[in-house]
Amino acid sequence: MGKFLTSREENYSQWYNELVVKADLAENSAVRGCMVIKPYGFAIWEKMKDALDQMFKDTGHENAYFPLFIPKSFFSKEAAHVEGFAKECAVVTHYRLRNKADGTGIEVDPDAKLEEELIVRPTSETIIWNTYKNWIQSYRDLPILVNQWANVVRWEMRTRLFLRTAEFLWQEGHTAHATKQEAIDETVQMINVYAEFAEKFMAMPVIMGHKTENERFAGALDTYCIEALMQDGKALQSGTSHFLGQNFAKAFDVKFSNKEGKLDYVWASSWGVSTRLMGALVMAHSDDNGLVLPPKLAPYQVVIVPIYKGEDQYRTVLEAGNKIKDQLKEYGISVKFDMRDTHKPGWKFAEYELKGVPVRLALGARDLENGTIEVARRDTLEKNTYPQEGIAKVVKDLLNEIQENIYQKAFKYRAEHTFSADTLEEFKDILDNKGGFVYAHWDGTAETELKIKEDTKATIRCIPVDNKLEEGKCIYTGKPSAQRVLFAKAY
RNA sequence: CGGGGUAUAGCACAGUCCGGUUAGUGUACCUGCUUUGGGAGCAGGGGGUCGCAGGUUCGAAUCCUGCUACCCCGACCA
C-alpha cells in the first residue's frame with residue numbers, strides 16, 4: 001500500500017499535488033493557473049456549498065448574482081482597495097476577433113476596442129456597492145443581507161491546485177447596515193459560521209482572530225479570519241470576514257435617511273470562503289494511502305465492494321449487496337455499490353482508499369455463507385466483520401465516530417504543534433525544527449511584523465479573539481507587549 | 001520581472017553529448033485465455049508532424065538560429 005503516492009515525509013508538497021490529481025479531485029487545465037475540477041472533487045465542493053448555503057440562509061441571508069465584469073473606473077473609487085488588487089487583475093480590452101489577412105488564424109480586431117476596459121472581478125465589493133446605491137434610500141431598506149456564489153479571477157504568479165488558482169470558485173457575502181454595531185455584529189456572526197462549518201463539517205479545528213493591519217483586506221477596517229494548521233506545520237487561512245466601516249459607502253456615495261431624518265453613510269461587511277477549503281480538507285486529514293474524507297462531506301459515505309467467482313456468485317452477491325444498500329439508504333447513508341466486473345476487488349480497495357471513502361463494506365461468498373459482512377474504516381484502516389443483520393445501525397454509528405475521530409486527530413496534531421516562544425532564537429528554532437503555530441509577543445507595529453517576516457518567513461496569522469492579556473516583551477524589538485499573537489509560516 | 005531547467009505515445013521517461021536501420025521502455029489502452037478476500041498472469045495488438053519555424057547535411061529527435069509553452073528557485077501572493 002502507498003506505493004502509488006509519494007509519502008508526506010518524502011515530499012509533502014509533491015504528496016499534495018499527486019493526491020489531488022490521483023484522487024480525481026482536479027487537474028491542471030490548458031489555461032495557465034486555471035484548474036479543471038473533476039466530478040469527484042466537485043461533488044465534495046457541492047457538499048460544502050450546500051452546508052454553507054443552508055447556514056447562510058439560517059442566518060437570514062439571500063443569494064443573488066452580480067456581473068463578472070467590473071468597469072475599470074469603479075476600482076479607483078476606493079484607494080486601498082485598488083492598491084490591494086491592481087497587480088493581479090485580468091482586463092478585457094476588446095470585444096471582437098477577426099480573421100487574419102494572411103489566413104493564418106484569428107486576431108483581436110483593433111477596431112473593437114472598448115471605450116472603458118472591464119476588469120474580470122477579483123472580488124465584487126465595487127460592483128455591488130455601486131448597485132446598492134440604487135437600492136438604499138432609507139433605514140427601512142436596511143439591512144441588506146446578500147450572498148453570491150461565483151467565480152473570481154486573481155492573476156497569481158504561482159498557482160497550486162485549490163490552494164491558489166488564477167480562477168477560483170467562492171461565495172462572497174456583502175451586507176449593508178444602518179449602524180456600525182450592526183455591521184460589526186454581522187462580521188463576527190459570519191466568522192463564527194465559518195468556524196462552525198470548519199469544525200463540524202470539515203472536522204478541522206480553526207483559530208479565530210483579527211488580522212493585523214498588514215494582512216487586512218484592502219479596504220477593510222477590521223478583518224476576522226479562521227486559521228487552520230496543515231500536516232506540514234504551515235497555516236492555511238480558510239475564511240475571512242471583513243468589517244468595511246463606511247469606506248465603500250463613501251466611495252460609492254451610498255447614503256440613507258435614518259429615523260431622525262438625517263443622512264448617513266451605510267455600514268458594510270463582506271465575507272468569503274473559496275475552493276481553497278478543498279485544499280484545506282485534503283491537507284488536514286489525508287495520509288500516505290490517500291484522501292481521508294469526513295463523512296459529512298464525502299460524495300458517498302459507504303462503498304460496497306463485491307467479491308465473487310463465476311456467474312452464480314455474481315448473482316447472489318448482487319442480490320445480497322442490493323439489500324444492504326437499501327438498508328443503509330433507509331438510514332440516510334449515501335452508498336455506492338460498485339458492481340463493475342472490469343476491476344478486481346483488490347484494485348477497488350486501493351482505489352476507494354485513495355479517494356477517501358469513509359467506510360468500505362466487502363461482501364463475498366464467505367460472508368453469504370455466514371451472514372456476515374466486512375467493515376473497513378478509512379481513518380484507522382481497521383477491518384471488522386459484523387452480522388449483516390442490523391449493519392445499517394453499525395455503519396451509521398461508525399460514520400459518526402469517524403467524523404469525531406478525525407476531528408480529534410487534527411485537534412491533537414494542532415495541540416502538539418502549538419508553541420510559545422519568548423526569544424527570537426527560540427522562535428526560529430521552533431519554526432525550523434518543529435513547525436506549527438507559535439505564540440509570541442509583538443510590539444504591535446507593522447514595521448516589526450515585516451522584519452520578522454523577512455527574517456523568519458513567518459507571519460502573524462491572527463490576533464486570536466479569545467486571547468488572554470499578558471505582559472511581555474516583543475521577541476524582535478524587546479518593546480513592551482500586552483498579549484501574544486499567533487505566528488506561523490503560511491500558504 | 002531576474003536565475004536555472006524542460007519540451008519525444010494518454011501519463012512517466014530513455015535516446016540528444018558523439019547525426020546513420022523500422023524512435024524505444026514502463027504504465028495506461030484494445031483482444032483472447034486463465035484469474036477475482038489488498039492495485040492479477042500470459043500471449044497478441046493499436047497508438048508518435050520527437051513543442052513550432054527556419055537553417056546545416058547525402059541523411060536531423062540528435063548540430064545551429066529564432067520563437068513558443070511549461071516547470072523549479074527568487075520576487076509576488078487578504
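What follows is a conversation about a predicted protein model with an RNA strand.

Visitor: What should I know about the numbering and the model before I start?

Guide: Residues are numbered from 1 along each chain as its sequence is written, while chains are lettered from A and ligands numbered from 1 in the order in which they are written. The model is predicted, with local features needing pLDDT of at least 70, side-chain atom pairs counting only at pLDDT 80 or more, and totals for chains, interfaces and linings using all residues, and side-chain values use heavy atoms, leaving out hydrogens and water.

Visitor: Which element gives the largest share?

Guide: That is α10, with eight residues.

Visitor: What kinds of residues make up that surface?

Guide: They divide into 15 nonpolar, four polar and 16 charged, where Ala, Val, Leu, Ile, Met, Phe, Trp, Tyr, Cys and Pro count as nonpolar, Asp, Glu, Lys and Arg as charged, and the others, Gly among them, as polar.

Visitor: Changing topic, how do α2 and α6 pack?

Guide: Helix α2 (residues 39-58) and helix α6 (residues 180-200) pack at an angle of about 145 degrees with their axes 11 Å apart, the axes being lines fitted to C-alpha atoms over the stretch in contact, and the angles running from 0 to 180 degrees between N-to-C directions.

Visitor: Which residues meet there?

Guide: Met48, Ala51, Leu52, Met55 and Phe56 in α2 meet Met190, Val193, Tyr194, Glu196 and Phe197 in α6, contact meaning heavy atoms within 4.5 Å. The residues of this contact divide into nine nonpolar, no polar and one charged.

Visitor: Now Ser286, is that one buried or exposed?

Guide: Ser286 is buried, because its relative accessible area is 0%, and buried means under 20%, exposed over 50% and partly exposed in between, with a 1.4 Å probe and protein chains only. Ser286 sits in the loop between α8 (276-285) and β17 (302-307).

Visitor: What does Ser286 touch?

Guide: Not counting residues up to four places away in sequence, Ser286 touches Arg8, Trp15, Leu19, Gln231, Leu291 and Val292. Two of these, Trp15 and Leu19, are among the buried residues of helix α1 (residues 12-22), and what covers the buried residues of α1 includes β1 (26-28), α8 and α10.

Visitor: Last one, what about Lys428?

Guide: Lys428 lies in helix α13 (residues 424-433) and counts as partly exposed, because its relative accessibility is 29%. Its side chain makes a polar contact with the side chain of Asp455 at 3.4 Å; a polar contact is a pair of N or O atoms within 3.5 Å, and within protein one must be able to donate a hydrogen and the other to accept it, with residues adjacent in sequence counting only if both atoms are side-chain atoms.

Technical notes: Helix = DSSP H or I, 4+ residues; strand = E, 2+ residues; numbered from the N terminus. Near = heavy atom within 4 Å.
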